[in-house]
Amino acid sequence: MTKKVEIKDHNTLFQSEKYQQQVENKREFENPCTLQEVEEVKEYTKTEEYKDKNFAREGLTINPAKACQPLGAVLAGLGFEGTLPFVHGSQGCVAYFRSHFSRHFKEPVPASSSSMTEDSAVFGGMRNLVEGLGNSASLYKPKMIAMSTTCMAEVIGDDLQAFIETARQEGNISEDFPVPFANTPSFVGSHITGYDSMMKSILSYLFEKEPGEIDKTEKINLIPGFETYTGNIVELKKILSLMGVEYTVLGDHSDNLDSPANGEYELYYGGTKLEDVPKAAGAKATFNLQKYPLKKTAKYIEEKWEQPVINGPYPIGIEKTDAFIKKVAEITGKEIPQALKDERGRVIDAFTDSHAYLHGKRVAIAGDPDIVLGLISFCLEVGIEPVHIVCTNGDKEFEVEAYALLKASPYGIDGKVYTGKDLWHLRSLLLTDPVDFAIGSTFMKFNAKDADIPLVRVGFPIFDRHHLHRYPIIGYQGALNLLTSMVNTILEELDKDAPGHSFDVVR
Amino acid sequence: MKRQVMEAFIEPACEHNQPNHKGCAMPKPGEAAGGCSFDGAQITLLPIADVAHLVHGPLACTGNSWESRGSLSSGPRLFQYGFTTDLSEHDIIFGGERKLRQAIYEIIQRFHPPAIFVYSTCVTALIGEDLDAICHDETKKWGTPVIPINSPGFVGSKNLGNRLAGEALLQYVIGTAEPPETTPFDLNLIGEYNIAGEMWDLEPLFNKVGIRVLSHLTGDGRFEEIRYAHRAKANMVVCSRALINMARKMEEKYGIPYFEGSFYGARETSASLRQMGRLFNNPELNKQIENVIKEEEEKLSQDLVYERQILRGLKVVLYTGGVKSWSVITALQELGMKVVAVGTNKSTKDDVARIKERAGHDVELIESDGAARILKAVKTKKADIIIAGGRNMYLALKEQIPFLDINQERHTAYAGYVGLKRLAQHLVHSIQHPIWELVRYKTSWQEELSNDS
């Protein structure tokens, strides 16, 4: 007979009196400053004066809300069959990428590094790359290695093409072993730029490897982009199957990052088949689900594959999902099936059920460009007012698009868009001009706590809640999922703050 | 910087420096590698809670890592802020000095920290930023210590980074202020990072025997107390080899004796307490230590009756870093478990010897970081549970093997006598969890399939 074991973790354990006393004793070592002073400064950081100073910051970034190029490149690599992401540069970067994805997807993540050291800083990283390719190929037996770089290799100026060629000549990898590569310095762009470069490199490499005529097909291609919801890719496939559309997902990392626990770990699971890439060149069109992480890729496909590329919009919310489905129907000539129409109807029904609670709620949103645009659009549909919108890696084009969305709705008039700003800027915004709740990644939890508002976790990374990435946020089902989490967050708050007489059973 | 790295690299108290073998092990290209020296330096220094930790480099060295360590603070939260100079291509061409100075100014204006630690990264080291000179200059200008941490990622492994961080503390912090009062039994703990609050279990234990922790290096530490560290009467190195240089140099410079020990398991904890007694060399203290050990061990053995019943004879594969690879073995053995394989990729030669000494010679040693090797060991040795760090967790779960996380992300303190009780509880919990029934259970359609074939 087993008995239930009770264990205290650090949330509860250190609240007990013994430990609290210890904390008090320790205060003598803390740079002396009274509790009253702490309170005063806390209040001061809520003022307009502090906000202005905060926004005048020049040299310092506090609590960044973006990651770097090779992180995106690793995700792009994981979308292909038997592919090992390999990062040329110092080793620590790759350890971070693996932890980052592991903590978000709750999955093991394969990726290796050429582990450059001080010698390489002086003599260049060729030996590390050549040896590293050989070791990776024999240890992890991939079908393809997708190579990106860290800052170190880029500052030195390593010549990837020449080094890979050397590895072939020395027999570390075979003549025809595919090694697409992309230069992905962290000091330029962000993870979405790196995704783009790697994706373009993989597609062009596999396509140009087998020159010849392009055979036209009836299929369409889909590229997910820096997609951190495996559920989104699954949802996408569902929509296309319902419509009877034949398709190829290029860069399908949904299986690799959501494989079943059946007692046998496979290093590579699923992914786009390598031989499907050249065939994809003959498709009717390519749908880039996200626009900003696929700019270079889009250009390449238009020019070399000579097919139309539909760039976004990322189908979050009813309107954008409608637009996506309409475009697919238009290009493939397929009917929109009743099942999809019914699903849409049901989600609209759900919107109407909840609308009274959402109406006029003010929110702050932070995240990557496509997801932020989608969330703005969704919020406006359900009557939520986006007020503070922070997109650290957004560009001018994003800003124009975001304002166009906001201006088109009376719910968007208070909305202000900030690109290049960090989460400490957002904190000032939340404290000087409060909102009802925030939408964004786990890193926003500090801000949300300081502002005493709930955080609806959407985006990347989400380390502190489980399984959200398995639930789509795109398509009609995705709109329903977003609606559910937002409305229930609001209802939860209502209950929490309700005086006795308003603690209602029916909401 | 070059000189510091070389010094740390060939640390004489580290047995990796033998005539036929020089310096810390370098990572092998092409393997899935662990953290870098920058990461190592952060592990060692970030627990100093009231200091502003500013990363001078491209954004992602901070972006990929801020606020993802398990070191807890009882007071200040400043260490949780991700400060960075966010260098762009432009800065790399023209130099990041102006931006760094501006960032230091902004931190001092906004946050008034007792000190700023400025970390170099691969990029700033390569473009030749003179961190030492800039920091020296800024310290003079503002009166707030601005301390350079020269441990860019490419110089080597996490261990080397720990060591370089220790060098920086020795050079710039320790010995720069005097404690308000001293006691005859002042101890520094070196390499204890208060993961999941372990320090808060240990400190009351020391207080009970009459030992005071003068400086926490660095778990739940404060800048001011670390400046006093040179006045301690003894040093204990908790995380094995990584910070041995600090202890050795403090012995040389200030005459503070040191020992290495661990707090995982009752046996190691008692041994560590006795070692402290030996260094302080006071009969009264020794008597008190013996009393406390007796009392705690008796209480613990009553507390553990149930867990020992469940855990007796179960087999464990242990895959952790450095010191934990041997110190945890003792703890598990105390619970009646058998350690059948141990990962040694981050362990020193000395660590390996200690592993063999504790787990016996037929224990399998897994040298290289390879998922396949761990899984194979579990299967061939018919192990009941894996104990490892976060990155290996999801791998084990895929293979439906019970798993216990022992690295920095964990939420439970395992050190000391009370820690062993918690470790035992967690092991029981992991092994008895109903989920393992579910994964071993064959669905009716699976049975049908096997009947058909």
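This is a predicted model: local features need pLDDT of at least 70, side-chain atom pairs count only at pLDDT 80 or more; totals for chains, interfaces and linings use all residues.

Reader: Start with the two chains. How many residues of chain B are in contact with chain A?

Author: On the chain B side there are 79, and they meet 72 residues of chain A. The chain B side divides into 38 nonpolar, 25 polar and 16 charged residues.

Reader: Which strands of chain A and chain B pair?

Author: Strand β1 of chain A, residues 61–62, pairs with strand β2 of chain B, residues 83–84. The pairing is antiparallel, over two bridges. Within it, A:Thr61 stands opposite B:Thr84.

Reader: What is the strand order in the sheet of five strands?

Author: The order is β1(A)-β2(B)-β1(B)-β3(B)-β4(B), in an open sheet with mixed pairing.

Reader: And which strands stand at the edges?

Author: β1 of chain A and β4 of chain B, residues 146–149. Each has a single partner strand, so one side of each has no neighbour in the sheet.

Reader: How many bridges join β3 to β4 of chain B?

Author: Four, with the two strands running parallel; β3 of chain B covers residues 116–120. B:Phe117 has B:Ile147 in β4(B) as its bridge partner.

Reader: Which strands does helix α5 of chain B lie across?

Author: Helix α5 of chain B, residues 97–111, lies across β1, β2, β3 and β4 of chain B. The helix runs at about 165° to β1(B).

Reader: Now the sheet of four strands. What's the order there?

Author: β6-β5-β7-β8, in chain B, as an open sheet with parallel pairing. Its edge strands are β6 (212–218) and β8 (258–260), each pairing on one side only. From one strand to the next, the twist averages 20°.

Reader: What joins β5 to β7 of chain B?

Author: Four bridges, between residues 186–192 in β5 and residues 234–237 in β7, with the strands running parallel. B:Asn188 has B:Asn235 in β7(B) as its bridge partner. Helix α11 of chain B, residues 244–254, lies across β5, β7 and β8 of chain B, at about 165° to β7(B).

Reader: Switching to chain A. Where are the domain bounds?

Author: The domain assignment gives domain 1 as 69–196, domain 2 as 220–332 and domain 3 as 338–501. The centres of domain 1 and domain 2 of chain A, taken over C-alpha atoms, are separated by 24 Å. In their contact, 21 residues of domain 1 of chain A meet 22 residues of domain 2 of chain A.

Reader: Which element gives the most to the domain 1 side?

Author: α11(A), with four residues. By class, the domain 1 side has eleven nonpolar, six polar and four charged residues.

Reader: Which residues is A:Asp196 in contact with, leaving aside its neighbours within four places in sequence?

Author: A:Pro293, A:Leu294, A:Lys295, A:Lys296 and A:Thr297.

Reader: Last one. At what angle do helices α15 and α17 of chain A cross?

Author: Roughly 115°, with the axes coming within 8 Å. A:Ile318, A:Glu319 and A:Lys320 in α15(A) meet A:Gly374, A:Ser377 and A:Glu381 in α17(A). That contact has one nonpolar, two polar and three charged residues.

Methods. Residues are numbered from 1 along each chain as its sequence is written. Chains are lettered from A and ligands numbered from 1 in the order in which they are written. Two residues are in contact if their C-beta atoms, placed from the backbone, lie within 7 Å. Ala, Val, Leu, Ile, Met, Phe, Trp, Tyr, Cys and Pro count as nonpolar, Asp, Glu, Lys and Arg as charged, and the others, Gly among them, as polar. Two strands pair if DSSP finds at least two bridges between them. Axes are lines fitted to C-alpha atoms, for helices over the stretch in contact, and angles run from 0 to 180 degrees between N-to-C directions. Domain bounds come from an automatic or database domain assignment.
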